[in-house]
Amino acid sequence: MTSAQSRAASTAPSTADKPWPVRTVSAKVAQWIDRLGSVWVEGQITQINARPGTRTAFLVLRDPSVDMSLSVTCSPQLLQNSPVPLTEGSRVVMFGKLSFYTGRGSVSLRVTEIRAVGIGELLARIERLRALLAAEGLFDPRLKRPLPFLPGTVGLITGRASAAEHDVLSVAQRRWPAVRFEIRNTPVQGVTAVPQILDALKELDADPHVDVIILARGGGSVEDLLPFSDETLCRAIVACTTPIVSAIGHEPDSPLSDHVADLRAATPTDAAKRVVPDAVAEQALVSELRSRSAAALRNWVQRESHLISQLRSRPVLADPGRALYQRGDEIERLRDAGRRDISRAIAAESTTVEHLRARLATLGPAATLARGYSVVQRIVPEGDPEVLRSIDDAPPGTQIRVRVADGAIRAAVMGKEK
């Protein structure tokens, strides 16, 4: 096949009948990678192979957050002339160009510049990430889940045979001997720490028997505590449904996991105290509350009994009929007084009536008749007799009635006299 035919075959689409050869695929991959150009890459050096007398040093650059790595090549002088000694575990920023080796089918980054990431830069990056997570609301106290009062099983993620593990277990079992632990030992620093912590966190969060999870690690330098300020780990903590307690380092240490966790403990020992209640203290509290409740109940009964005694000693309850008797006596007094007043009023009015009657009798016609006078009335055929006031009203022959003191007589007029 001529070169023209090869170029034509490489540009034609591959099919089952006309597949591309390996060299064509390798060449295309090399071309695609070459178009990426030079890039800046950040990571952590996990392996350095620089043999004396060789012109190329081989390194492995790993992403500290996930289980991914990249092969790196550079000049040995680039490592030797670095102002900061580069060792396995160093955080660096490299500048180089990716190359695809068609013979081995591998990709490697050929770097021409390596910059070590210093403490100041690490702290600045942590602060930028802290501001980003805070702006997203991941530090909001309203997102914090409450811890169970008495966890049945406590998940513990910590280093193997570490002082943090010993402190948590010893303090927790001393406070509540029946507490159970699900322990996951992972690296707590270095390049493999974050991926393994994430796996352990996912496993414990999926366990329905685990009520709370403790992330515990002793103190260390800023570089040692970097895994607990990793963005992927922080977001995984927020995404958990199980309450998370962060007990990383000592009191002055403040990795980002402390801010996104549901509870920050100053030390692993403090985490055990915050998660597991003290059986002795709780028993003492229960006894105290029982004593206080009993005393409060006794005081209430005594107070109510005293109140009832006071109520019973009051006259209205001690002698309920006494008020009725007193009111009955008062009614009798008032009735007697009323009778006396009415009798006096009647007597006074009777005397007045007698006086008026005497005066009336003195001034009335009966008294006048008794003194010898009489009343002459003309008898009217129809109607009552009429008193005669003039002789002209009684012509001769008129029937008259003469009333005297002891009776009346009937007569007729015989004549008139003046």
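How many bridges pair strand β11 with β12, and in which sense, parallel or antiparallel? In this predicted model, β11 (residues 375–378) and β12 pair over two bridges in the antiparallel sense. Within this pairing, Q377 stands opposite V387 of β12. Both strands belong to an open sheet of four strands, ordered β12-β11-β13-β14 and paired in antiparallel fashion. The edges of the sheet are formed by β12 (386–387) and β14 (407–412); each has a single partner strand, so one side of each is left without a neighbour in the sheet. Strands of a sheet pair through backbone hydrogen bonds, either parallel or antiparallel.

Strand β1 (38–49) pairs with β2 (residues 57–62) over five bridges in the antiparallel sense. I48 has L59 in β2 as its bridge partner. Strand β2 is in turn joined by six bridges to β3 (residues 69–74), and these two strands run antiparallel. In this second pairing, F58 stands opposite T73 of β3.

The largest pocket was examined next. Its volume is about 680 Å³. The lining comprises 31 residues, of which E42, P64, R91, L122 and L226 are the closest to the centre of the pocket. Strand β1 and the helices α4 (119–135) and α7 (231–239) each supply at least two residues of the lining. The largest share, five residues, comes from α4. Sorted by class, the lining of this pocket has 13 nonpolar, ten polar and eight charged residues.

The largest nonpolar core has 32 residues, and L133, I157, L201, I237 and I244 have the most contacts inside it. At least two residues of this core come from each of α4, α6 (193–206), β8 (212–217), α7, β9 (244–248) and α8 (256–260). Helix α6 gives the most, with seven residues. Apart from residues up to four places away in sequence, L133 touches L138, F139, C234, R235, L256 and V260. A second, separate core has 20 residues, including V179, F181, A247 and A272.

Two further residues were considered individually, T153 and A161. T153 lies in strand β6 (residues 153–158). The relative accessible area of T153 is 7%, which is under the 20% limit, and T153 is therefore buried. Leaving aside residues up to four places away in sequence, T153 touches R180, F181, E182, H209, V210, D211 and V212. One of these contacts, F181, is also a member of the second core.

A161 is found in the loop between β6 and α5 (163–175). With a relative accessible area of 72%, A161 is exposed, because this value is over the 50% limit. The phi of A161 is near 55°, a positive value in a residue other than glycine. Most residues other than glycine have a negative phi.

Key: Residues numbered from 1 in each chain as written. Predicted model: local features only at pLDDT ≥ 70, side-chain atom pairs only at ≥ 80, totals over all residues. Heavy atoms only, no water. 1 Å grid on protein atoms, 1.4 Å probe; cavity = no way out; pocket = protein on both sides within 12 Å on 5 of 7 lines; lining within 4 Å. Points joined across faces, edges and corners; volume = space filled by probe spheres on them. Nonpolar A, V, L, I, M, F, W, Y, C, P; charged D, E, K, R; others polar. Buried < 20%, exposed > 50% of the residue type's maximum accessible area, 1.4 Å probe, protein only. Contact = heavy atoms within 4.5 Å. Core = buried A, V, L, I, M, F, W, Y, C linked by side-chain atoms within 4.5 Å. Pairing = 2+ DSSP bridges.
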